[in-house]
Protein chains: 2
Amino acid sequence: MKKFYLTPGPSEIYFTVPDHLKEALNKNVMSISHRGKTFQEMCKFTIEQVRTLLNVPQNFYIVFTGSATEVWERIIENCVEKHSYHLVNGSFSKRFKEFGDMLGKKTTTYEVPFGEGFDIEKVQVPTDAELICITQNETSSGVCVPLEDIATIRKRFPEQLIVIDAVSAVPYPEFDFNQFDSLFFSVQKGMGLPAGLGVWIFNERCIAKAESLKKKGLSIGTYHTIPSLVKNIQKFETPETPNVLGIYLLGKVAEDMNRKGIAEIRKETYFKAGITYQFFEDSELFEPLVKNSKHRSQTVLVANVKSGDASSVIKRWEEIGLLVGKGYGDFKDSQIRIANFPTFSKEIFYQLIDFFEKK
Amino acid sequence: MKKFYLTPGPSEIYFTVPDHLKEALNKNVMSISHRGKTFQEMCKFTIEQVRTLLNVPQNFYIVFTGSATEVWERIIENCVEKHSYHLVNGSFSKRFKEFGDMLGKKTTTYEVPFGEGFDIEKVQVPTDAELICITQNETSSGVCVPLEDIATIRKRFPEQLIVIDAVSAVPYPEFDFNQFDSLFFSVQKGMGLPAGLGVWIFNERCIAKAESLKKKGLSIGTYHTIPSLVKNIQKFETPETPNVLGIYLLGKVAEDMNRKGIAEIRKETYFKAGITYQFFEDSELFEPLVKNSKHRSQTVLVANVKSGDASSVIKRWEEIGLLVGKGYGDFKDSQIRIANFPTFSKEIFYQLIDFFEKK
């Protein structure tokens, strides 16, 4: 029986990945030099496909890291001298904030309980904070920050840099890159790719900030500083030998998604999320964790298990080959998380829902 | 015509990689959770296979990073408060030293001209230097540091931590882990794996040093600090979502090499290097860059092209499917570099040599 990994990352690979892997072997993608023309063309292609897919304006650079976790570190090293501001509503946004602490920065936090969204009125960024960190889609709780709230924060705090952690959101949200300065994600979630690659997108304001810290004699890192990444990506190269295969596969899957059309992917995602939340609402076994529907993630769907424990529910789905995620951390026994990523067809979600509705 | 990437990294993949990739697809390696039992068992297996292959004692930890370049940064962040000492004889050892500068450390260097080895008598490590950085195999120049010289340095400077950059050397040298505290490599060279994974090996002394810096209130980083890596690897996990596929393939290829036997791999490597250097010596077209045979790398074989430019020579080999590397950086037109990694059979090297000898 074919298994479907509806876990929120690593997740089911995009259905075209096996063919692209075969093609990569035929083309010797794993052996080519990362300083040669073949790599440069491949890297350029991937950047163009990602730019198209996410509608990234030309004034933003797209570069590669080892993971999204790495970007938490790099953006604080490069864009924060003293003080960062964090919206915290789950384990990942909290860890992002802790990276600021570990790097010796002052961090100010607006924290809400697990499963709740932010009250936009309560976002009060100190004037000396340099970077506003927003986890647009909390993979641990399935809470999202509505895009209009990001626009409101931008309007109210135009001086600060704004960075969006879009790890488990991409490619679904229709981001407006005018509303922030940086965005990053990892490829093993919505893109359906093998883990081991982070994608970091940033504009000239981030570069200027990094350069200004450097001019002050502060260390902003070594090979993965913003200036070093920019210098290399202008030649469609990377500072180190990168995950060449990962960059290749990202370009190919982004191309597949562009061919299908992001509008269609969004429509399907919205539909699958809708029927699943409806199922949670109607079910006696589940209830949506996130009460306010405008804070409900469309890509990571989280529910409380009202009776019994999560693992027994998960086991039942496993019988029909559907692997659903446990709750995160302390909630592993009481919650489930379902990845609603582009590789899953509507049919998979009908199966998922019907299985319990029939009982 | 099948092409063979005899370039010193990325290089030809180990001949079993395509089969392991297929198996990885069948086993859903790219979709499993990095917090689950399947991953932990896989991670444990990889560590055991690497430990066996390189004869790593049990008191050394084996952990994973995004690249060997990353380890340059991490070991300085974690093991150097003020001062590091560097043996520099090529582009990579020089860049390692520059990482120290960029991180605001004092660096002391013993530098020799490109293509030369070190005079062990001239290694004078200041008493306040905390870390001795040795690039055992300079991928840019094909110069190696003899293992007995490492032992001598250890004997003369027992207080300092010693780290070995073994990027393009592994698995060939018969390292004695009692002679140093840390060693690292990347997988796209001798191991013949897709790039995007670094392997970092270190002992308790490195952990103690990192802990002592942390206690002093110094920042040693965030997710990829030694304490964070150790805490996770004790559960056979990683701090971030890692390159799961890379870890899987490393375990499989290390197992293949263990099955063949490292002694056999060493013997073949030594033989292929021997006939190639002899060819360089005898040829009117080439001469070995490294004059002192005890400083000649057995895994990256570098020669000066005596007449004409390197690219025309390289093009001729390309006609028979053998892709040889250019010289590094400024030497790209005047030198060639041949990777002598385990995946290449003796027959490939006979072809390589015969092609020019017949002319």
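**A tour of chains A and B**

Begin by selecting Asn28(B), which is found in the loop between α1 and α2 (37-54) of chain B; helices (H or I, at least four residues) and strands (E, at least two) are DSSP runs, numbered from the N terminus. With the backbone of Asn28(B) displayed, you will find a phi near 55 degrees, a positive value in a residue other than glycine.

Before moving on, note that this is a predicted model, in which local features need pLDDT of at least 70 and side-chain atom pairs count only at pLDDT 80 or more, while totals for chains, interfaces and linings use all residues. Residues are numbered from 1 along each chain as its sequence is written, chains are lettered from A and ligands numbered from 1 in the order in which they are written, and side-chain values use heavy atoms, with hydrogens and water left out.

Select Asn55(B) next, in the loop between α2 and β2 (60-65) of chain B, where phi is again a positive value near 55 degrees in a residue other than glycine. Then go to Pro10(B), placed in the loop between β1 (4-6) and α1 of chain B; the peptide bond that leads from Gly9(B) to Pro10(B) is cis, with omega near -15 degrees.

**Where the chains meet**

Now display both chains and select the residues in contact (heavy atoms within 4.5 Å), to which chain B and chain A give 42 residues each. The area buried between chain B and chain A is about 3500 Å², with carbon and sulfur atoms giving 60% of it; buried area is the accessible area (1.4 Å probe) that two parts lose on being put together, summed over both. Highlight Met30(B), Ser31(B) and Thr222(B), which supply 17% of the area that chain B buries against chain A, more than any other three residues.

Two salt bridges are counted between chain B and chain A, a salt bridge being a side-chain nitrogen of Lys or Arg within 4 Å of a carboxyl oxygen of Asp or Glu. To see one of them, select Arg74(A) and Glu73(B), whose closest N and O atoms are 2.9 Å apart. On the side of chain B that touches chain A, the elements giving two or more residues are α1 (17-26), α3 (68-79), α4 (91-102) and α8 (244-260) of chain B. Of these, α3(B) gives the most, with five residues.

**Within chain A**

Turn to chain A and select Glu81(A) with Lys216(A), which form a salt bridge whose closest N and O atoms are 2.7 Å apart. This pair links distant parts of the chain, 135 residues apart, with Glu81(A) in the loop between α3 (68-79) and β3 (83-88) and Lys216(A) in the loop between α6 (204-215) and α7 (226-233) of chain A.

**A helix pair in chain B**

Finish with helices α9 (residues 262-282) and α11 (residues 346-357) of chain B, whose axes come within 10 Å and cross at roughly 5 degrees; axes are lines fitted to C-alpha atoms, for helices over the stretch in contact, and angles run from 0 to 180 degrees between N-to-C directions. That makes α9(B) roughly parallel to α11(B), a description that applies to angles under 35 degrees. Residues to show at this contact include Phe271(B), Ile275(B) and Phe279(B) in α9(B), and Phe349(B), Ile353(B) and Phe356(B) in α11(B).

Conventions
Parallel < 35°, antiparallel > 145°, perpendicular 65-115°, else oblique.
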